[in-house]
Amino acid sequence: MLRVLQAIWQADGAFPSGAFAFSYGIEGALALRRDMTLGDFEALVAAMLKRRWASYDRVALLWSYRAGGDLEAIAAVDREVEASTLIETLRTGSRRNGGAYLASHARLGQPLAIALRDDVQAGNCLGHIAVMQGAVWSELGLDEALAQLCSGYTAASGVITAAIRLGAMGALQGQGVLQRCLPLIEQLAAQEVPDDVELSSFVPFLDIAAARHAQADLRLFAN
Amino acid sequence: MFHALRVSDNEARDGASAARVGIGGPVGSGKTALIEALIPVLQRRNIDFAVVTNDLVTKEDAERLRRSGLIDPARVSAVEAGACPHTVIREDPTLNIAAGDELEARFPGLELILFESGGDNLASTFSLDLVDWWIFVIDVAGGDDIPRKRGPGLLRCDLLVVNKVDLAPHVGVDLDRMLADARQVRGTKPVIPTNLKSGVGVEAVVDAISAAVLFRV
């Protein structure tokens with residue numbers, strides 16, 4: 001049961017990880033589609049989970065998880081994520097989010113987080129959030145299934161919380177969307193991830209929205 | 001009023017060598033102006049420092065400091081507040097902690113990092129995970145009843161700065177009464193009146209920072 005409690009602790013929005021400052025393209029998407037309905041938004045979150053999270057963030061998370069604390073192997077995954085993320089604000093946002101996440105775990109005394117934070121500061125590692133989560137969650141004793149569920153849940157809740165804060169929907173409407181995402185997260189997390197699979201992401205609308213967002217004069221989120 | 005729990009020596013923030021000082025307060029009270037006024041005094045006193053700004057919707061404060069010519073732009077980091085100016089300094093200060101750690105790694109001799117909060121309200125307070133000591137800035141144009149409202153920011157900060165004292169006669173504020181109210185609600189904690197346009201009170205603020213976190217008197 002302890003590992004389940006650890007997973008709840010890590011998925012809790014109250015755990016300080018810096019995630020609240022990033023919308024991962026949602027702020028730009030809402031600005032682009034002023035007539036977006038709640039149903040459109042829900043479909044967008046589902047597309048993000050299927051086409052970005054499941055095939056990209058989740059794969060990077062598991063590669064890092066399976067590295068078993070090997071700093072060089074984790075850094076190699078990190079470089080792969082860096083090279084595969086086209087949109088600059090998504091790339092830098094992921095690194096900054098990862099840096100904040102490491103800052104939390106390092107302050108809490110987690111030895112691998114301290115080593116990774118030092119590696120990021122030394123330039124040996126980049127600190128992408130999914131990679132750092134995989135590495136640290138492996139050390140905390142979460143199994144692969146729990147690590148994936150935590151990752152999927154935080155990905156969905158993060159963008160929904162961003163949309164609520166932007167005033168696009170009410171808090172309870174957002175929770176409704178999140179609740180309806182849970183079976184999809186479970187279904188996607190059950191898919192096998194072979195070691196030889198490639199990272200892939202294809203949500204061009206969100207990517208374009210994130211790229212346009214970088215040029216916005218006024219914005220509430222970092223990406 | 002709640003207070004921060006005392007932390008024993010072995011629980012205190014470790015791994016950081018530069019003192020970290022927060023500067024919070026309502027929108028327009030003069031937080032960025034205070035930093036601009038502090039910079040030349042800190043430089044004259046040979047204090048090695050850097051600044052982290054938290055902007056709510058733009059990077060205006062960071063850009064204002066970077067373009068000011070007062071400080072090496074590399075010593076100014078910007079952290080977006082994700083629409084939550086107090087989350088980024090209180091409930092989840094990790095982005096600011098990481099920005100401070102990164103500045104310390106880049107500038108090994110750093111003695112002091114100033115964290116400027118985004119404009120907020122009287123309930124804004126800094127997490128002691130992030131800072132060792134913090135300043136709250138209000139201004140007389142906000143009204144002389146602000147101290148009597150006893151907001152957590154005003155009560156719990158280590159130093160209260162009452163800015164724009166030169167405006168008091170123009171906005172119908174009894175400055176002496178406002179300062180007396182502020183001192184009365186804060187007990188023994190200090191209050192410094194400033195006029196940042198003319199430099200009134202700036203040396204006293206640097207003296208307070210130096211004594212509190214740099215142990216230079």
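Predicted model: local features only at pLDDT ≥ 70, side-chain atom pairs only at ≥ 80, totals over all residues.
View 1. Side-chain values use heavy atoms, with hydrogens and water left out; residues are numbered from 1 along each chain as its sequence is written, and chains are lettered from A and ligands numbered from 1 in the order in which they are written.

On the contact count, 25 residues of chain B are in contact with 23 residues of chain A, contact being heavy atoms within 4.5 Å. How many salt bridges does the rule find across the interface of chain B and chain A? The rule finds zero there, a salt bridge being a side-chain nitrogen of Lys or Arg within 4 Å of a carboxyl oxygen of Asp or Glu. Polar contacts between chain B and chain A come to four residue pairs, both residues at pLDDT 80 or more. A polar contact is a pair of N or O atoms within 3.5 Å; within protein, one must be able to donate a hydrogen and the other to accept it, and residues adjacent in sequence count only if both atoms are side-chain atoms. On the side of chain B that touches chain A, the elements giving two or more residues are E3, helix H3 (87-91) and helix H4 (94-106) of chain B. H4(B) supplies the largest share of that side, seven residues. Helices (H or I, at least four residues) and strands (E, at least two) are DSSP runs, numbered from the N terminus.

**View 2. Asn96(B), tucked into helix H4.** Asn96(B) is found in helix H4 of chain B and is buried, with a relative accessible area of 0%. The labels work like this: buried means under 20% relative accessible area, exposed over 50%, and partly exposed in between (1.4 Å probe, protein chains only). The side chain of Asn96(B) reaches the backbone oxygen of Val88(B) at 2.8 Å. Setting aside residues up to four places away in sequence, Asn96(B) touches Val52(B), Asn54(B), Val79(B), Val88(B), Ile89(B), Phe115(B) and Leu130(B).

**View 3. The seven-stranded sheet of chain B.** Follow the strands across this open sheet and you read E3-E2-E4-E1-E5-E6-E7 (chain B), with parallel pairing; two strands pair if DSSP finds at least two bridges between them. Strand E3 (76-80) and strand E7 (191-193) of chain B stand at the edges with a single partner strand each, so one side of each has no neighbour in the sheet. From one strand to the next, the twist averages 20 degrees. Strand E5 (residues 133-139) and strand E6 (residues 159-163) of chain B pair in the parallel sense over five bridges, and Asp139(B) stands opposite Asn163(B) in E6(B).

Two helices to look for here are H6 and H7. Helix H6 (residues 175-186) of chain B packs on the sheet, touching E5, E6 and E7 of chain B, and its direction makes about 165 degrees with that of E7(B). Helix H7 (residues 202-214) of chain B also packs on the sheet, touching strand E1 (19-24), strand E4 (112-116), E5, E6 and E7 of chain B, at about 160 degrees to the direction of E5(B). Axes are lines fitted to C-alpha atoms, for helices over the stretch in contact, and angles run from 0 to 180 degrees between N-to-C directions.

**View 4. A salt bridge between Asp207(B) and Arg45(B).** The side chains of Asp207(B) and Arg45(B) meet at 2.8 Å, N to O. The pair links distant parts of the chain, 162 residues apart: Asp207(B) is in helix H7 of chain B, and Arg45(B) is in the loop between helix H1 (31-44) and strand E2 (49-55) of chain B. Asp207(B) counts as partly exposed at 40% relative accessibility, and Arg45(B) does at 26%. Salt bridges that share partners join Arg44(B), Arg45(B), Glu203(B) and Asp207(B) into one network.
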